[in-house]
Amino acid sequence: MNWSAIKTTLPTTPFFASFNLWDTNRQLPKIRHTRPWEKQMLSLGFGSSSNNKGTRKRGTTTSTDSCIRITMKDRSKNRKPLQRGRNLSIEAIQTIQALKRAAAAAAQDRPCSESLSLDVVFSSKFTRLLKLDMMAVLHELLRQNECLLALKVFKVVQNEHWYKPQISLYGEIISVLGSNELYEKVDLLFTELKTETGMEHDIEGFNVLLENLMSFDMIELAMECFFLMKSLGCEPDKSSFRILINGLESKGETGLLAIVRQEAEKYYGEHLAFLEKEELVGS
């Protein structure tokens, strides 16, 4: 056998060196496994790559490379604000029940333990409530026509550091008191209203109070309310004059009617066209 015919050429470099495994610039193919949630997103039509066949240049992106950000909304922000006397907490409900039991025992002169007395319930339960719960208890008692008990609750609320006088709240209490023909309580509460400081300018609240006082035939208080709102810088509007003028006309109070008409003319002219429009609508 001619061994000289067989030429053996050895590589000058090792065989594995041609692959240059240490070359960091080499782009090696990446094997990417599709996760279960990605398969579900693809089945829904998100990130479909059916239209991206063939090769693509570096630096370009396809729909499969796009990211979908999913954010979860805080459910606590969906909660509605506490409504007047409707959405009551457990503490507020228990306080209402305790107040009513103590008030009933005191009204019937029944002997009761110290834990059931009205003063103890106020100090141990009511004053420990949050502001919203306190106001919810007050509105709920008014809704249940517990006017005298609600009036006591209102006195306690007035001593809180966060209390601010609101004409709408006074009007709500006066409405319940007047509906139960407790006119002396209405008179006392309105006298207290006139001594309040920092009263907000709520024209709608004043109009409701004016309408309630006129419906209870408390004409003098209605006129005092009219001049009170003016002294506080809350100018009467058309509804204010309409309530007073119509009420005074129906009750035959010609003297007071002339005063109110004179005030209305200062704002809306001599003809008071808004009253004529109302008469045409009513007819």
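1. The axes of H4 and helix H6 (residues 167-179) come within 10 Å of each other and cross at roughly 30 degrees. H4 and H6 are therefore roughly parallel, and their crossing is left-handed. The contact involves Met135, Leu138, His139 and Leu142 of H4 together with Leu169, Glu172, Ile173 and Val176 of H6. By class, these residues divide into 6 nonpolar, 1 polar and 1 charged. Axes here are lines fitted to C-alpha atoms, for helices over the stretch in contact, with angles from 0 to 180 degrees between N-to-C directions. Angles under 35 degrees count as roughly parallel, over 145 as roughly antiparallel, 65 to 115 as roughly perpendicular, and the rest as oblique. A crossing is left-handed if the near helix is turned anticlockwise from the far one by less than a right angle, and right-handed if clockwise.

2. The model is predicted: local features need pLDDT of at least 70, side-chain atom pairs count only at pLDDT 80 or more, and totals for chains, interfaces and linings use all residues. Residues are numbered from 1 along each chain as its sequence is written, and side-chain values use heavy atoms, with hydrogens and water left out.

3. The protein chain has 12 helices and 0 strands. Helices (H or I, at least four residues) and strands (E, at least two) are DSSP runs, numbered from the N terminus. Of the 283 residues of the protein chain, 31% count as buried; buried means under 20% relative accessible area, exposed over 50%, and partly exposed in between (1.4 Å probe, protein chains only). Among contacts in the protein chain between residues at least 6 apart in sequence, 61% join residues at least 24 apart, a contact being heavy atoms within 4.5 Å.

4. Helix H4 (residues 131-143) also packs with helix H5 (residues 147-158): their axes come within 9 Å and cross at roughly 160 degrees. That angle makes H4 roughly antiparallel to H5, and the crossing is left-handed. On the H4 side the contact is made by Met135, Leu138, Leu141 and Leu142, and on the H5 side by Leu149, Ala150, Val153, Phe154 and Val157. This contact has 9 nonpolar, no polar and no charged residues. In this classification Ala, Val, Leu, Ile, Met, Phe, Trp, Tyr, Cys and Pro count as nonpolar, Asp, Glu, Lys and Arg as charged, and the others, Gly among them, as polar.

5. The loop between H4 and H5 contains Asn145. Phi of Asn145 is near 65 degrees, a positive value in a residue other than glycine. Most residues other than glycine have a negative phi. Asn145 is partly exposed, with a relative accessible area of 42%.

6. H6 and H7 pack at an angle of about 165 degrees, with their axes 8 Å apart. The two helices are therefore roughly antiparallel to each other, and H6 passes H7 in a left-handed crossing. From H6, the residues Ile167, Tyr170, Ile173, Ile174, Leu177 and Gly178 meet Tyr183, Lys185, Val186, Leu189, Glu192 and Leu193 of H7. The contact divides into 9 nonpolar, 1 polar and 2 charged residues.

7. Glu181 lies in the loop between H6 and H7. Its phi is near 60 degrees, again a positive value in a residue other than glycine. Glu181 is exposed, with a relative accessible area of 58%.

8. Helix H9 (residues 219-231) has 13 residues and reaches 19 Å from its first C-alpha to its last, close to the 18 Å expected at 1.5 Å a residue. The expected span is 1.5 Å times one less than the number of residues. Ile219, Leu221, Ala222, Met223, Cys225, Phe226, Leu228 and Met229 of H9 are buried. The buried residues of H9 pack against helix H7 (183-194), helix H8 (203-215), helix H10 (238-251) and helix H11 (254-268). Gly233, with a positive phi near 85 degrees, follows H9.

9. Glu220 belongs to helix H9 and, at 66% relative accessibility, counts as exposed. Glu220 and Leu256 are 36 residues apart in sequence and 9.6 Å apart in space, C-alpha to C-alpha.

10. Asn207 is placed in helix H8 and counts as buried at 8% relative accessibility. Leaving aside residues up to four places away in sequence, Asn207 touches Asp237, Ser239, Ser240 and Ile243.
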